[in-house]
Amino acid sequence: MIEGLFLALALAMDAFAVALTQGARFRPRVLPGIGIAAAFGVAQGIMPLIGWALGAMALVFVAELDHWIAFALLGILGIQMIRGGEDDEAAPKLRGLALLAAAIATSIDALAAGITLPTLDLSPLLAAALIAVVTFALSAVGVLSGRIAGDGYGRWAERAGGVILIALGTKILAEHSGFL
């Protein structure tokens, strides 16, 4: 369950960063803020299930290498989160199709991470629900915090998520290789 929580926290960081920026730049009221959080939570909850289904179909063929695949995918995602978003372009106001596009874009990493769910000792449905709830909660906190603090913290949150994903991948590799 701890691994699932760390995975959920790591995957939620990019949504948190976007929500923080939205709160800081546009100061949405309560209902639009909840809408942002809900869109991110739903997308983050669905995408790992899609990834898990794809991974489960392929697991038969890659069972001996699953820990290496998990390590590589989580490592690549982590590095992208640490490096990603380095440009300082102004974020657009998210509503309607723009919000849907942002929710899907921030959950692509959850799709890739969903492929690694069979390597965790956690039900994929429970993991997806945990990811959805954590993402919703952190996104709601992000919108509210952005309204209060400004958008300077979003970049650091995304970097922290990247470090957590790399650590999870390393832990999976170490456990399956017999080092832990």
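Student: In which helix is Ile108 found?

Tutor: Helices and strands are DSSP runs, numbered from the N terminus (a helix is H or I over at least four residues, a strand is E over at least two). Ile108 is found in helix α5. This is a predicted model, in which local features need pLDDT of at least 70, side-chain atom pairs count only at pLDDT 80 or more, and totals for chains, interfaces and linings use all residues. Residues are numbered from 1 along each chain as its sequence is written, and side-chain values use heavy atoms, with hydrogens and water left out.

Student: How does Ile108 count in terms of relative accessibility?

Tutor: A residue is buried under 20% relative accessible area, exposed over 50% and partly exposed in between (1.4 Å probe, protein chains only). Ile108 has 43% relative accessibility and therefore counts as partly exposed. Its C-alpha atom is separated by 9.5 Å from that of Leu11, 97 residues apart along the chain.

Student: How many helices and strands does the chain have, and what percentage of its residues count as buried?

Tutor: The chain has seven helices and zero strands, so that its pattern, read along the sequence, is α-α-α-α-α-α-α. Of its 180 residues, 44% count as buried. Contact means heavy atoms within 4.5 Å. Among contacts in the chain with a separation of 6 or more, 94% are between residues 24 or more positions apart.

Student: Which residues of the largest nonpolar core touch the most other members?

Tutor: In soluble globular proteins, nonpolar side chains tend to be buried together. A nonpolar core is a set of buried Ala, Val, Leu, Ile, Met, Phe, Trp, Tyr and Cys residues joined through side-chain atoms within 4.5 Å. The largest one here has 22 residues, of which Leu7, Leu11, Leu74, Leu120 and Leu165 touch the most other members. At least two of its residues come from each of α1 (2-26), α3 (66-83), α5 (108-114), α6 (124-149) and α7 (154-177). The largest share, five residues, is supplied by α1. Not counting residues up to four places away in sequence, Leu74 touches Leu7, Ala113, Thr116, Leu165, Ile166, Leu168, Gly169 and Ile172. Apart from this core lies another, of 10 residues, including Ala19, Ala43, Leu94 and Leu99.

Student: Is Ala127 buried or exposed, and with which residues is it in contact?

Tutor: Ala127 is found in helix α6 and is buried, with a relative accessible area of 3%. Leaving aside neighbours within four places in sequence, Ala127 is in contact with Leu117 and Leu122. Ala127 and Met1 are 126 residues apart in sequence, and 8.4 Å apart in space from C-alpha to C-alpha.

Student: Where is Leu122 found?

Tutor: Leu122 is found in the loop between α5 and α6, and at 15% relative accessibility it counts as buried. With neighbours within four places in sequence set aside, Leu122 is in contact with Met1, Gly4 and Ala127. The C-alpha atoms of Leu122 and Glu3 are separated by 8.5 Å, although these residues are 119 residues apart along the chain.

Student: How many aromatic pairs does the count come to?

Tutor: A pair of aromatic rings is described by the distance of the centres and the angle of the planes. Rings of Phe, Tyr and Trp (its six-membered ring) pair if their centres lie within 6.5 Å; planes under 30 degrees apart count as stacked, over 60 as edge-to-face and the rest as tilted. By this rule the count is one aromatic pair. Trp68 and Phe71 form an edge-to-face pair, 6.3 Å centre to centre with 90° between the planes. Because they are three residues apart in helix α3, Trp68 and Phe71 are separated by about one helical turn. Trp68, at 46% relative accessibility, counts as partly exposed, and so does Phe71, at 30%.

Student: Which residues line the second largest pocket?

Tutor: Rolling a probe the size of a water molecule over the atoms shows where empty space is left. On a 1 Å grid over the protein atoms alone, a pocket is an open set of points where a 1.4 Å probe fits, with protein on both sides within 12 Å along at least five of seven lines; lining residues have an atom within 4 Å of a point. The second largest pocket is lined by Gln22, Phe26, Pro28, Arg29, Pro32, Ile36, Lys93, Leu94, Arg95 and Leu99. Helices α1 and α2 (30-62) each supply at least two residues of this lining.
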